[in-house]
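Visitor: Please take a close look at one helix and at what surrounds it. I would like to follow it from its own chain out to the neighbouring chain.

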Amino acid sequence: MMGKHAFFLGCTIPLRLTSVEIAARRVFSQLNVEFLDLEGYTCCPEPVTLGIIDKELWVTAAARNLALAERAGADLVVLCSGCYETLIEASEILKHEDETRKKVNEQLASIGSKYEGKIKVKHFIEFLHEDIGLGRIKEAVTTPIAVNLAIHYGCHLSREVGGDDPWRKPKMMRELVEATGAKVNDYGLEKLCCGFPISQFDREFSLQQRLLPKLRSIEGTAAEAIVFACPACTGQFENGQDMLIGSGVELTEYPCIHIMELLALSFGVPPAELNLDLHSSAVKEFAECFWE
Amino acid sequence: MSGDKKMTEVEIINLLVKKMTGKPAKCSVTRERRVSVEVSAADLRESVGALLEAYQPRFITLAAIDNGLDIELMYHFSVGGIVVTLRTIIPKETSQIGTISDIVPAAEFIEKEVAELFGINFEGHPRNTNLVLPDDWPAKEKPLGKPLAGRLPPQARGEVENLLSSGCAQIILEYATEGREKAGLPKLPSMACASEESLKEFQDLIKRIGFDKRAGYNWEKGKLRYR
């Protein structure tokens, strides 16, 4: 029997890519999975910049978020890949580093909170694959997405604790995409970072040395759109394509769709109900195209 | 006889703590014959007065360090061969502290030197003309002063301001909240930004771990001091 689960939405999904939150709620509802909304959570905090500039802030704020779920008696299902990295790493640190856990709990005690490490943290990809199962997902597909797609997995999806295969979750993502009826097109540069983290320091490098080679490789396939599991990568592709084209680079502009949106569409949720116009790439047009 | 000396160092601390109940933030014997006492800028004069009254110390010197956001001032005194350092921090935005030259005349020259080199106003200092810099030195140029700067890289500053003011790393834009409502979702997600109580709890935690001070965040303005 499945225990209680709480959504960890992060900041970007509910406030920038609401379509992903809407899609996730529709998908889990159709799969008869109930989720708690984690009341009073904050930014995870973001692992790339904040995790480096102040470790104490990062681990303490993450512990407060984990403690909220623990108090609610729920395991966390994380919808954002960046948040997943923070929360899984912080939970491992708090599980194994006694001194850090003691110090963090002293701080949490000042706000009447405590983290004991009793909950599980799961990426939504592994929750869908392991806890729901491909069989149930395939059964829920009523509108197969019979199109050619490329997948950008994103670096955070490869984060594993305990030395597991870093391709464990990317393989799950591929199978979930295929379960919607889509054909996955390999392009050879799946492991290359989208360039988002470095874009904060060197925008040109991130576009020319990270994003452009990926897009050129995808252009060599039959893919009509790119699928993502990470909101930051989605933004980097959507904004980066515009910037590259704006600077005179001749390029195919791909719709950049989140896997939750793809699943919702395949489950029969009409595109008009997903707020897809929040995307800066042509996701809405792409969805309407095959919906007809 | 180091045991006796240790006692004397502890006695000095005890006296300052007793005379200024609860005011010295942190007192420590940093090593043999060295005592460090942290006081607020507002309590500095009272601390100096307490030291003078009890021990008639010799004033050694005043040292200043510009740490980017604040200036740390260290007033060194000798009490029978033990160096007692009263440390205080003043924000660079105001760069102001009261003079002690009226109760410690030996401090008059060094206060003036620090004032000219770091741009600090020692309020009530008797000398108006330059001491170490030429008379025609531009008033705004401080030879040892650095620009107001904190430790966060420019790329992280906006994110930290958002995080500390709302608990959310993103700016909460109207189009996003409207979009949520249109889609039948609550205007705000169930984050701390949607609950005063949760936000206060988070902000209290930030203050408790001292990140606001390390980052140089001004709670009243909701901004970093160097932005």
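Guide: A residue counts as buried if 20 or more other C-beta atoms lie within 10 Å of its own. By that count, buried residues make up 50% of the 292 residues in chain A. The model is a predicted one.

The part to look at is helix 4 of chain A, residues 55–71. First, its setting. Chain A holds 14 helices and eight strands. Its radius of gyration is 19 Å, close to the 19 Å that the globule rule gives for 292 residues, so chain A is as compact as a globular protein of that length. The C-alpha trace of chain A spans about 55 × 45 × 35 Å along its principal axes. Take the contacts in chain A between residues at least 6 apart in sequence: 78% of them join residues at least 24 apart.

Now the helix itself. Helix 4 of chain A has 17 residues. From its first C-alpha to its last it reaches 24 Å, close to the 24 Å expected at 1.5 Å a residue. Of its 17 residues, 14 are buried, so to count them is to find helix 4 of chain A mostly covered. After the helix comes A:Gly73, which has a positive phi, near 70 degrees.

Next, the other chain. The contact between the chains takes 33 residues from chain A and 29 residues from chain B. On the chain B side, the elements that give two or more residues are helix 4 (154–166), helix 5 (174–182), helix 6 (196–209) and helix 7 (211–215) of chain B. Helix 6 of chain B gives the most, with seven residues. Sorted by class, the side of chain B that touches chain A has 16 nonpolar, seven polar and six charged residues.

Helix 6 of chain B is also the partner of the helix you asked about. The axes of helix 4 of chain A and helix 6 of chain B come within 11 Å and cross at roughly 145 degrees. The crossing is right-handed. From helix 4 of chain A, the residues that take part are A:Glu56, A:Leu57, A:Thr60 and A:Arg64. They meet B:Phe202, B:Leu205 and B:Ile209 in helix 6 of chain B. The residues of this helix-to-helix contact divide into four nonpolar, one polar and two charged.

Key. Residues numbered from 1 in each chain as written. Chains lettered and ligands numbered in written order. Predicted model: local features only at pLDDT ≥ 70, side-chain atom pairs only at ≥ 80, totals over all residues. Contact = placed C-beta atoms within 7 Å. Helix = DSSP H or I, 4+ residues; strand = E, 2+ residues; numbered from the N terminus. Nonpolar A, V, L, I, M, F, W, Y, C, P; charged D, E, K, R; others polar. Axes fitted to C-alpha atoms, helices over the stretch in contact; angles between N-to-C directions. Left-handed = near helix turned anticlockwise from the far one by under 90°. Expected span 1.5 Å × (residues − 1). Buried ≥ 20, exposed ≤ 12 C-beta atoms within 10 Å, placed from the backbone. Rg over C-alpha atoms; globule rule 2.2 N^0.38 Å.
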